Amino acid sequence: MRRTNVSCLALAVTLFLAGAGAPLAAQSRTTAAGTLQRGWKVGDGLQADPAVRFGILPNGMRYVIRRNATPPGEASLRLRIDTGSLNEREDQRGLAHFLEHMVLNGTRNVPEGEFVRRLERNGLKFGPDTNASTDFEETVYKLELPETDKETVDTALFLLREVADKALLEAKAIDSERGIILAEERTRSTPQQRQSIHEIGFLFPGQLLPERIPIGTDTVIRTAPRDRFVEFYNAFYRPENATLVAVGDFDIDAMEARIRTQFGDWKGEGQPGRIADQGQVARRGADAGLFVDPAMATRVSVSWVRPADTNPDSRARRIKDTIEGLGLAIFNRRLERIAASDKAPFVAANGGESQFADTGDVTQLIAVARPGEWREALAAIDAEQRRLVRHGVAPAELAREITQGRTALTGAVSAASTRSTRALADGLVGTLNDDNTPTTPEARLALFEEAVRGITPATVNQAVARLFSGSGPLLYMTAPAPPEGGKQALLSAYRDASRMAVAPPAAQRAQAWPYAGFGAPGQVVERRELAELGATAVRFANGVRLTVKSTDFRKDQILVQARIGDGKLDLDPTRPNPEWAIAAGGFTMGGLKRISAENMREALNGKLYSGSFGLDDDAFVLGGSTRPADFATQLQVLAAYVAEPGWGPSGWDRLRSLSGTIQDQLASTPGGVFNRDADALLRRGDPRWRTPTRGEMAASSIGDARALLAGPLTNDPVELVIVGDITADEAIRQVAATFGALPPRTGKAASRPTLAFPAGTPEPVTLTHKGREDQGLAFIAWPTLGFYADPRLVRTLNVLAAVFQLRLNDRIREKEAVSYSPVGSHASSDTFRDYGYMFGRVEAPPAALPAFLREAQAIATELRTTPVTADELQRAVKPLTERLQRERQGNGWWLSQLAGAATDPRRVEAITSQLRDYQAVTPAALKQAAERYLLPAKAYKVVVVPEKSASKN
């Protein structure tokens with residue numbers, strides 16, 4: 001994807017559940033032009049980031065190197081092969097992705113099955129640290145190195161070189177992998193994925209893109225012979241098609257020398273592959289498409305498709321994109337204002353522009369309609385599009401979006417010195433696929449200022465008019481049931497809507513922020529240092545507590561969390577749990593007593609702040625992320641939600657209108673059904689963890705949230721945790737002016753009752769889903785204990801679960817090839833002393849589920865009876881401890897760990913003892929833990945099978 005001017009849809013969590021999403025994602029490649037930099041082309045008028053070293057080996061392989069020490073001592077490597085599914089022949093469909101698996105599965109110097117083991121011994125866990133992806137145009141292999149010592153780096157480069165040209169592609173190994181690829185296709189085949197594929201076909205008829213979905217076809221996956229793999233591998237895995245990206249805490253000269261040594265003698269075999277012709281965008285007028293599935297929300301869209309603009313990256317092009325982006329941001333702001341109104345016909349709406357490979361440019365407007373109001377939703381987005389084109393943008397609107405854009409870019413400049421290594425590596429890969437020039441945040445801010453200097457509404461009006469040109473309007477509808485009249489009804493509704501006159505937009509006046517003060521600052525009655533944690537603990541006279549840790553992990557980042565009351569412990573077990581809507585934004589979208597959520601965004605334009613609200617087992621949690629310049633505003637926002645929530649109903653009602661779709665989507669896959677029911681099942685049906693029924697969701701209201709939260713927000717204890725680029729003194733000062741100024745907190749913490757894990761089940765509990773008949777899920781778990789019952793034993797169980805995962809991967813994924821990603825893990829409560837469980841989970845065909853349960857129990861038996869090997873222990877512990885050390889270098893980890901540290905000495909000990917406990921685990925300790933907990937009679941089992949299969953039994 002060269003560029004995408006898209007604003008994320010509001011209500012992201014709910015829309016994900018509802019299968020709506022933003023305009024379709026895409027990839028593209030353009031032809032670069034401009035001056036040369038060490039053999040690389042730089043966009044006209046642009047300057048490449050001077051911290052990045054570019055190079056090309058004599059064989060044509062390119063490399064990009066950048067030193068970065070956030071976090072220290074780590075590195076990210078990416079090997080990008082400039083090919084994907086678009087370069088497949090008809091009889092090779094799916095082989096680009098299939099090869100991604102095969103090159104990790106046996107090479108000249110690394111036997112089959114040993115590739116991942118070597119990485120695990122160096123602290124890399126399969127999935128988070130060793131991964132690969134295939135798309136329409138690229139295949140990328142990713143390694144996250146926990147250390148940058150010579151052995152680790154040399155091992156990683158050696159293994160990537162094995163990927164490049166030494167894959168054996170043995171027929172037997174290919175046959176063994178076919179089941180895993182089919183399992184991946186089966187797992188990912190959701191209604192949402194099928195809808196996306198269908199929509200791509202509607203937008204690009206007669207072109208190659210819809211016929212080259214990366215997963216491929218069932219026939220090719222099952223039957224393609226070895227020679228087709230070898231042919232594709234030799235044609236495209238060539239040095240001139242490869243780029244190595246290396247970012248991390250290392251010496252650039254030394255890394256460059258290693259790359260040249262490792263890859264310098266790579267030579268392509270045979271004739272290079274040819275880039276496929278993607279065909280031309282069809283010339284079409286008004287047309288309509290329809291996708292029907294019971295699990296889908298009612299969504300309508302209007303699109304215009306044009307030939308892909310493949311002009312090279314340049315200063316002029318980026319300025320043009322910036323101006324178009326400002327116009328789309330104004331348009332989306334208008335749509336959000338409509339969605340927030342009581343009588344809006346849609347739950348959320350969005351407009352954006354994307355480029356799909358070199359296939360075409362698409363401008364797309366979408367709306368997720370309220371039930372029964374798709375015509376009105378279509379008319380509303382059409383009216384706003386015509387209003388934008390005919391009447392243009394207002395100066396105040398333009399100024400607002402300029403301020404917002406400048407704020408974001410300024411924040412990026414401030415944080416530039418502590419960008420994460422992983423993010424930088426991924427960003428560089430993104431510029432490669434887009435064929436863009438990597439530039440600095442400072443350069444991007446300067447270019448933005450150049451673009452907006454002297455800009456007028458007329459400039460933006462002219463830019464956005466171009467976006468609504470090309471083939472179209474193309475009308476598309478996704479619905480749980482076909483509308484009366486089918487596609488013709490869609491066309492007729494659009495024609496009727498387009499005849500309606502549109503007036504100029506109403507002027508919007510920004511309301512002043514009414515929560516800049518909360519009264520006299522609170523008094524500090526206790527302050528002490530938590531030396532072991534590098535943190536400061538404070539108690540104010542009103543009972544509010546604060547724990548603050550100043551860090552330099554990420555410049556200009558401050559994370560704030562307010563923990564209030566007792567969370568799920570406060571839920572009324574006789575009433576439906578309203579968490580589903582609270583956590584999706586139903587509370588925060590209700591705004592504040594003196595200002596609505598929409599007006600809040602207007603009043604605080606130019607400020608970087610956020611607000612989320614959720615439920616933990618033992619607390620309601622308000623959270624936000626900000627920078628030092630806006631720290632006071634962030635605290636004001638969170639304190640206002642505690643002191644004067646608005647309880648506005650519109651946001652909750654938007655969520656409630658999708659409750660039927662949410663239920664249908666959860667029911668459409670085995671994973672959805674399990675996630676819907678598991679929390680209650682694994683707590684013996686405790687209603688506080690039960691997902692409400694369709695009827696309960698539909699009958700809910702913001703009043704349910706008010707009944708639950710009003711008391712705790714007013715009276716219950718508040719604990720603030722603040723971590724990041726802030727001094728303790730400044731944090732205390734600002735908290736005193738906000739939370740410390742609130743009335744005294746008189747509530748008391750709830751008692752901690754026990755929570756029971758269900759008894760073992762000789763036969764699995766059976767749930768049913770409404771999806772494909774070849775989709776199923778199996779789950780098995782054994783009860784353990786809560787974290788504070790015995791922290792060291794819990795960590796031993798965490799390692800035992802890691803070994804369990806290794807064996808599941810080896811047997812269920814690699815040997816049996818019935819599942820793409822079996823999971824083994826351990827969960828332990830830090831609220832309930834006696835509650836925890838170790839589990840295994842797999843998604844596989846229904847017929848394979850009993851075998852998985854037997855295999856999981858066989859592994860449990862082995863772990864009880866035979867000590868694990870030293871190698872297996874290392875491959876379990878090393879990635880775990882390396883990940884932990886990496887996480888400790890981030891503000892997010894400390895935010896999650898410091899809650900309760902000021903009042904509970906166990907919390908301090910738990911934080912300081914982590915690495916020591918994991919490194920002390922022995923095979924004998926693992927065997928003892930397995931003997932104690934992995935008992936056959938205690939195993940609780942669940943299977944999720946298709947409704948049709950269940951009815952036959």
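Reader: Where does Ile 181 lie?

Author: This is a predicted model. In it, Ile 181 belongs to helix H5, which covers residues 171-188.

Reader: Is Ile 181 buried or exposed?

Author: Buried means under 20% relative accessible area. Ile 181 has 0% relative accessibility, so it counts as buried.

Reader: Which residues is Ile 181 in contact with, leaving aside its neighbours within four places in sequence?

Author: Those contacts are His 97, Phe 98, His 101, Ile 215 and Ile 221.

Reader: How many residues of helix H17 are buried?

Author: Seven of the eight residues in H17 (residues 579-586) are buried, and the helix is mostly covered. The buried ones are Glu 579, Trp 580, Ala 581, Ile 582, Ala 584, Gly 585 and Gly 586.

Reader: Next, helices that cross. At what angle do the axes of H11 and H16 cross?

Author: The general idea starts with the helix itself: an α-helix has 3.6 residues a turn, so residues three or four places apart point the same way. Here, H11 (residues 374-391) and H16 (residues 486-498) have axes that come within 9 Å and cross at roughly 45 degrees. H11 and H16 are therefore oblique to each other, and their crossing is right-handed. On the H11 side the contact is made by Trp 374, Arg 375, Leu 378, Ala 379, Asp 382 and Arg 386. On the H16 side it is made by Ala 489, Leu 490, Ala 493, Tyr 494, Ala 497 and Ser 498.

Reader: How do H10 and H11 cross?

Author: The axes of H10 (residues 315-339) and H11 come within 11 Å, with a crossing angle of roughly 140 degrees. An angle counts as roughly antiparallel when it is over 145 degrees. H10 and H11 are therefore oblique to each other. The crossing of H10 and H11 is right-handed. In H10, the residues involved are Gly 327, Phe 331, Arg 334, Leu 335 and Ile 338. They meet Ile 381, Glu 384, Gln 385, Arg 387 and Leu 388 in H11.

Reader: How many aromatic pairs does a search of the whole structure find?

Author: A pair of aromatic rings is described by the distance of the centres and the angle of the planes. The search finds 27 aromatic pairs. One of them joins Phe 204 and Phe 356, with 5.3 Å from centre to centre and 55 degrees between the planes, and this pair is tilted.

Reader: Why does the pair of Phe 204 and Phe 356 tie together parts that are apart in sequence?

Author: Phe 204 lies in the loop between helix H6 (191-203) and helix H7 (218-223), while Phe 356 lies in strand S12 (residues 346-356), so the pair ties together parts that are 152 residues apart in sequence. Phe 204 is buried, at a relative accessible area of 0%. Phe 356 is buried too, at 3%.

Reader: What kind of pair do Phe 787 and Tyr 788 form?

Author: Their ring centres are 4.9 Å apart and their planes stand at 80 degrees, so the pair is edge-to-face. Both Phe 787 and Tyr 788 are buried. Arg 906 lies over the face of Tyr 788, at 4.0 Å from the ring centre.

Reader: Which residue lies over the face of Trp 894?

Author: Lys 549 does, at 4.4 Å from the ring centre.

Reader: Which residues form one aromatic cluster?

Author: The cluster is made up of Phe 674, Phe 757, Phe 779, Tyr 835, Tyr 837, Phe 839 and Tyr 940.

Reader: Now the backbone. Which peptide bond near Pro 71 is cis?

Author: Most residues other than glycine have a negative phi, and most peptide bonds are trans. The bond from Thr 70 to Pro 71 is cis, with omega near 0 degrees. Pro 71 is found in the loop between strand S5 (62-67) and strand S6 (75-81). A cis peptide bond also joins Gly 472 and Pro 473, where omega is about 5 degrees. Pro 473 sits in strand S14 (residues 471-479).

Reader: What is the phi of Trp 647, and what is that of Arg 684?

Author: Trp 647 has a positive phi of about 55 degrees although it is not a glycine. Trp 647 lies in the loop between helix H19 (631-643) and helix H20 (650-656), and at 11% relative accessibility it counts as buried. Arg 684 has a positive phi near 55 degrees, and it too is a residue other than glycine. Arg 684 is in the loop between helix H22 (670-681) and helix H23 (694-699). At 53% relative accessibility, Arg 684 counts as exposed.

Key
Residues are numbered from 1 along each chain as its sequence is written. This is a predicted model: local features need pLDDT of at least 70, side-chain atom pairs count only at pLDDT 80 or more; totals for chains, interfaces and linings use all residues. Side-chain values use heavy atoms; hydrogens and water are left out. Rings of Phe, Tyr and Trp (its six-membered ring) pair if their centres lie within 6.5 Å; planes under 30 degrees apart count as stacked, over 60 as edge-to-face and the rest as tilted. Helices (H or I, at least four residues) and strands (E, at least two) are DSSP runs, numbered from the N terminus. Buried means under 20% relative accessible area, exposed over 50%, partly exposed in between (1.4 Å probe, protein chains only). A charge sits over a ring if NZ of Lys or CZ of Arg is within 6 Å of the ring centre and within 35 degrees of the ring normal. Axes are lines fitted to C-alpha atoms, for helices over the stretch in contact, and angles run from 0 to 180 degrees between N-to-C directions. Angles under 35 degrees count as roughly parallel, over 145 as roughly antiparallel, 65 to 115 as roughly perpendicular and the rest as oblique. A crossing is left-handed if the near helix is turned anticlockwise from the far one by less than a right angle, and right-handed if clockwise. Contact means heavy atoms within 4.5 Å.
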